[in-house]
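This briefing accompanies a protein model and is intended for reading beside the structure. It is arranged by topic.

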Amino acid sequence: MSLNLLKLPFELTLALRYLRPKRTFVSVITLISIIGVTLGVAVLIIVMSVMSGFDLLLRERLLNFNYHIKVFAENRVMTGYSEVRDKLLQNEAVKGVAPFVIGPVLIETQPNEGLPQIDTPFIRGVDIELERTVSSLVSTNSLVQGSMDLSEGLLIGSEIRSRLNLKVGDYLAVHSARSFHRIRESQEEGKEVVLLPDDYEVRGVIDVDFYEYNAKFMLTSLENAQDLYDLGDAVHGLGVCLEDASLAEVTREQFLKVLPAGLVVRTWEDENSHLLEALLVERNVMFYLLFFVMIVAAFGITSSQITFVVQRTPEIGTLNALGATGGQIMRVFLYQSLVVAILGLVFGFGFGLLALEFRNEFLTFLRVLTGFEIFPASIYGFQALPAEIVISDLVKIGVGSFFICILAGLLPAWNASRLKPVEAFRHE
């Protein structure tokens with residue numbers, strides 16, 4: 001060990017010798033400093049990776065279950081949509097185009113016993129064959145019960161099924177906007193009319209691993225939805241899927257040049273701009289706020305180095321008397337900060353990455369232990385806690401934490417380098 005130390009620079013050799021574990025107060029402070037850096041780095045890695053995972057998974061869900069581009073006639077329905085669809089398909093960036101009808105409905109269960117339950121989800125009418133080319137809602141992977149048969153039937157989200165205690169084969173009474181419009185028109189004409197709701201059978205249950213859709217959406221055939229909203233052959237709009245979702249804005253501009261006047265073209269980013277911007281702002285703010293954790297940990301390094309300089313003041317005087325320069329003495333204490341920073345970073349990265357690997361198991365353990373759901377799906381929209389390790393974030397965390405730790409030891413090291421031999425020996 002001594003031979004290896006001799007090969008190291010004098011300042012580093014002395015710093016390592018001073019850092020050897022001893023049963024002293026300084027060693028305890030040094031250990032606390034390393035733990036502080038470890039926890040600061042680990043928390044930064046965990047939080048930033050989870051935030052990146054939320055952002056990535058949310059974008060993935062939005063792109064899988066929403067159309068990349070929507071084309072519709074503002075404040076009115078779209079008639080003659082087949083011609084518009086043909087024009088959209090001529091664009092090379094387009095993968096598929098499908099008509100849709102979407103809107104809120106009031107549904108009422110029809111139990112054999114007990115009181116009926118009422119809910120107000122959205123219903124989405126689709127052409128199931130065309131819909132498969134533009135979204136993942138009607139993929140066989142999302143079907144957990146029943147079949148994809150939408151003729152006179154519905155596909156309901158798994159959360160709707162649980163909330164209303166439904167099963168495949170049950171019937172739902174669906175009150176649509178058409179019913180309410182006709183009642184209002186009859187009242188204006190002085191007539192009394194009773195409109196019965198449409199009855200639809202629950203043909204299947206879908207689970208798309210996204211709480212928002214599982215809890216608020218039902219699917220039916222395009223014809224059923226047109227009938228519910230009294231649209232005839234018209235639709236609410238056309239959904240477009242692109243080969244590359246990042247080309248949405250460019251493709252939108254191309255669409256506007258060839259489509260008839262009066263049509264609105266909106267991208268998935270336009271419809272979710274507030275959510276995406278909020279996530280970006282939250283992620284950036286979280287990064288800067290959590291970096292203060294590292295600054296707090298750095299104060300531990302400063303404290304340990306100040307205590308160490310005070311304790312080693314006579315030895316500093318001896319080094320000065322033997323001809324050591326102020327720069328060499330300063331490097332001794334900077335090397336100590338360097339070693340603490342490296343150890344803290346290594347342990348912090350290891351602990352942070354390990355925690356990310358077993359994050360969901362740890363959350364399950366906490367839920368069983370405390371009975372408290374830390375990341376409820378009803379709020380965050382995901383069944384499991386997502387995480388995405390971004391290399392650029394790791395580099396920022398590593399480099400930023402390293403420089404903060406070095407700067408934390410700079411002032412004590414500079415004070416040590418300014419000590420004069422006579423002043424140092426007075427502490428004997």
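The model is predicted. Its chain has a mean pLDDT of 80, and 80% of the residues reach 70 or more. The structure holds 9 salt bridges, and strand β7 (residues 153-157) is largely enclosed by the rest of the structure.

**Confidence**

- Among the elements of the chain, the lowest mean pLDDT, 46, belongs to helix α1 (residues 2-6).
- The highest mean pLDDT among the elements, 92, is that of strand β11 (residues 237-242).

**Salt bridges**

- Side chains of opposite charge can pair when their charged atoms come close.
- In one of the salt bridges, the side chains of Arg59 and Asp55 meet with an N to O distance of 3.3 Å. Both residues lie in helix α3 (residues 25-65); because they are 4 residues apart there, about one helical turn separates them. Arg59 is partly exposed, at 29% relative accessibility.
- Another salt bridge links the side chains of Arg132 and Glu129, at 3.3 Å from N to O. Arg132 has a relative accessible area of 37% and is therefore partly exposed, whereas Glu129, at 52%, counts as exposed. The cut-off behind this contrast is that exposed means over 50% relative accessible area.
- Glu249 and Arg252 also form a salt bridge, in which the closest N and O atoms are 3.2 Å apart. The two residues are 3 residues apart in helix α10 (residues 248-258), so they are separated by about one helical turn. Glu249 is partly exposed, with a relative accessible area of 33%.

- In strand β7, 5 of the 5 residues are buried, which means that the strand is largely enclosed by the rest of the structure. Buried here denotes under 20% relative accessible area.
- Gly153, Leu155 and Gly157 point one way from β7, while Leu154 and Ile156 point the other way; all are buried.
- With strand β9 (residues 198-206), β7 pairs in the parallel sense over 5 bridges.
- With strand β10 (residues 217-221), β7 runs antiparallel, and 2 bridges join the two strands. Met218 in β10 is the bridge partner of Ile156.

Key: Residues are numbered from 1 along each chain as its sequence is written. Side-chain values use heavy atoms; hydrogens and water are left out. pLDDT is the predictor's confidence in each residue, from 0 to 100. A salt bridge is a side-chain nitrogen of Lys or Arg within 4 Å of a carboxyl oxygen of Asp or Glu. Buried means under 20% relative accessible area, exposed over 50%, partly exposed in between (1.4 Å probe, protein chains only). Two strands pair if DSSP finds at least two bridges between them.
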